[in-house]
Amino acid sequence: MGSITLQKVSKSFGTTSVIPEIDLDINDGEFVVFVGPSGCGKSTLLRMIAGLEDLSGGRIVIDGKDMSNEAPAKRGLSMVFQSYALYPHMSVYGNIAFPLKMDGQDKAAIDKKVRDAANILNLTNYLDRRPGQLSGGQRQRVAIGRAIVRQPKAFLFDEPLSNLDAALRGNMRLEISDLHHQLKTTMIYVTHDQIEAMTMADKIVVLNAGRIEQVGSPLELYRNPRNLFVAGFIGSPRMNFIEGAHAATLNAATVGIRPEHMRISTTEGTWPGTVGVTEHLGSDTLIHVQSDGIGKITVRTDGDFPVEHGQKVFITPEERRVHRFDANGQAIQ
Amino acid sequence: MATHQTRATARIMMSPAVILLFLWMIVPLVMTLYFSFLRYNLLMPGTEEFVGFLNYKYFLTDPSFFTALGNTLTLVGGTLLITVIGGILLALVLDQPFFGQGIVRLLVIAPFFVMPTVSALVWKNMLMHPVNGLFAWIARSFGFQPIDWFAEVPLFSIILIVAWQWLPFATLILLTALQSLDGEQIEAAEMDGAGALSRFFYLVLPHMSRAITVVILIQTIFLLSVFAEILVTTNGGPGIQTTNITYLIYAQALLQFDVGGASAGGIVAVILANIVAFFLIRLIGKNLER
């Protein structure tokens, strides 16, 4: 059990409003990712759900009970912090056992639960070590272990992978997804990295300046972004936006087309242009083209496409994959 | 920096300071050692002669030596107890955000700037005086018999004065340690269901243990040689109830004019201080290694 409902939740520090008013439903067992640029209020929102930050208005309902003014420990949630926040003078065992000890459970029960958690997270050989003697990934796993032993209604992750190197981040992403399938517990995950959001989420909540821009499954957001912000934020490399005369011919203020939804050719096509920088990723090649009358456009093509700096090329967008936006940045259906 | 020339130059450049510091330390020590083996009484000039370990024998078999040793340890222990516990509590209070925090912090640190003789005089005449003192006035206004501090609880009075002086030091060190505690750790403990007391005992106290060790080590070094407060207030009395080793040596040298005996006492004090330091480092040195 772990459904969370936010009703008109708002937060302001003094006179500055950080989160105006948010309504959101999170179903039991869902993996929800809050994504947005730095300072968009996503961490604040998470901390409000955790109870570490007071609400300025609205209600937080967990499993049908109003928990708006309940202490963090009473909400039955556990949190994994960005800095892991492990207790440095306790062993791995002590860290994982701490919430159970605070709960007043007996030694045998604690021991069993800690060993189970350590087993799930491959920490069995490290139980006697101190956090200072562990690598970044292992510390991360201890922090997760400390979260799962309490069998919470939901897990809250606050940018948990941002301190890890790229390879480890990929691994931990898989491990957390695995864990979610194993435990089937609600998880709320905050990140500014849209790749983490796309790969892990059942439901993505895109936040901008404290407002929810769009809620939906990763592919829904990718295929039908509701506005310019979501269109630009989801997808990597980001969507090309074209304004001006060309947009006007399609009855839009701005049109957007993703790099992977264009064909590039050296002989014929709609938009002529000159090749600037090319980034060879092996599997694909990203080509930055300066197109006449349209501007800079990024195109993704397969890794074997032969192209040189300064070469003349032609780009053809796939017409049905073009997104149109009005003057307010809202999508035109 | 690693060539032979630069290393040699560095040594030559450093040597004046090192040599000066070495002489500064070694000359008084050697002279004290030398005097401690002489019969050297200022009242009998010209009769100095080598007497072997006689001075040590007299000093160590003097009954007041053991009283002084006990007083010294009580003074150190009592002051440490008050300053460490009081320092932790004060640091916890000062770490909270409140109006006028900056000024209050400054006021808390103030006693450290008052010189020992002055603070002892203030305590003796303005606070603890059985007739004119503030404490006596408070006691009387509640209808109690005022305490004659230096007559009834002399050693405790000295401990109070010294603790008052050292409390700011402990508070300051412990406060900086407290401020370096990661806020997310506390929040994590909050989510783990730890109450304020559990958070203190499981997180804050272990985090401060290194700072507490530093406070104990540094204070012990200074508290073993408390002198001004005793001289100004009780003169070691009543009887020898507030005489510590330092004061005993002073009395030997400048009240009985026995320089030889006092020198022997000084060497004994050095050895005692080293023994205390040895056990202290053994006991809490583990804390510093981490």
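Helices, here runs of H or I of at least four residues, and strands, runs of E of at least two, are those assigned by DSSP. On that basis, residues 12-37 of chain B are 96% helix and 0% strand in this predicted model. The end C-alpha atoms of this stretch lie 37 Å apart. The stretch is one of those that an unreviewed UniProt entry annotates as "transmembrane region" in chain B; the others are residues 73-94, 106-123, 155-178, 211-232 and 264-284.

Within chain B, B:S157 belongs to helix α8, which runs over residues 154-179. A residue counts as buried when 20 or more other C-beta atoms lie within 10 Å of its own. B:S157 is therefore buried, because 24 other C-beta atoms lie within 10 Å. Apart from neighbours within four places in sequence, B:S157 contacts B:M128, B:W149 and B:F150. The C-alpha atoms of B:S157 and B:K124 are 9.2 Å apart, although the two residues are separated by 33 positions in sequence.

Chain A contains 9 helices and 18 strands. Its C-alpha atoms occupy a box of roughly 75 × 45 × 30 Å along the principal axes. Of the 333 residues in chain A, 39% are buried. Among contacts in chain A with a separation of 6 or more, 63% join residues 24 or more positions apart. The chain is divided into domain 1, residues 4-226, and domain 2, residues 237-325. The C-alpha centres of these two domains of chain A are 39 Å apart. In UniProt, an unreviewed entry lists residues 4-234 of chain A as "domain: ABC transporter". Residues 4-234 of chain A are 36% helix and 26% strand, with 25 Å between the end C-alpha atoms.

Strands of a sheet pair through backbone hydrogen bonds, in either a parallel or an antiparallel sense. One open sheet of chain A consists of 4 strands in the order β2-β1-β4-β5, with antiparallel pairing. Strands β2 (16-26) and β5 (65-66) of chain A are at the edges; each has a single partner strand, so one side of each has no neighbour in the sheet. Inside this order, β1 (residues 4-13) and β4 (residues 57-62) of chain A pair in the antiparallel sense over 5 bridges. In this pairing, A:L6 is opposite A:I60 of β4(A).

Another antiparallel pair in chain A is formed by β15 (residues 284-291) and β16 (residues 295-302), joined over 8 bridges. Here A:L286 is opposite A:R300 of β16(A). The two strands make a hairpin with 3 residues between them, and A:G293 in the turn has a positive phi of about 80 degrees.

Helix α1 of chain A covers residues 42-50, in which A:K42, A:L45, A:L46, A:M48, A:I49 and A:A50 are buried. A:G51 follows α1(A) and has a positive phi, near 95 degrees.

The largest nonpolar core has 143 residues, of which A:V33, A:L156 and A:I188 touch the most other members. Helix α8(B) contributes the largest share of this core, with 13 residues. Both domain 1 (4-226) and domain 2 (237-325) of chain A give residues to this core, so the core lies between them. Leaving aside neighbours within four places in sequence, the contacts of A:I188 are A:I26, A:V32, A:F34, A:L46, A:I49, A:A154, A:L156 and A:F157.

Between the chains, 13 residues of chain B are in contact with 15 residues of chain A. On the side of chain B that touches chain A, α9 (183-191) and α10 (196-223) of chain B each supply at least two residues. The largest contribution to this side comes from α9(B), with 6 residues. By type, the residues of this side of chain B comprise 5 nonpolar, 3 polar and 5 charged.

Key. Residues numbered from 1 in each chain as written. Chains lettered and ligands numbered in written order. Predicted model: local features only at pLDDT ≥ 70, side-chain atom pairs only at ≥ 80, totals over all residues. Domains from an automatic or database assignment. Contact = placed C-beta atoms within 7 Å. Nonpolar A, V, L, I, M, F, W, Y, C, P; charged D, E, K, R; others polar. UniProt positions renumbered as here; feature names shortened; annotations may be inferred. Buried ≥ 20, exposed ≤ 12 C-beta atoms within 10 Å, placed from the backbone. Pairing = 2+ DSSP bridges. Core = buried A, V, L, I, M, F, W, Y, C linked by C-beta atoms within 7 Å.
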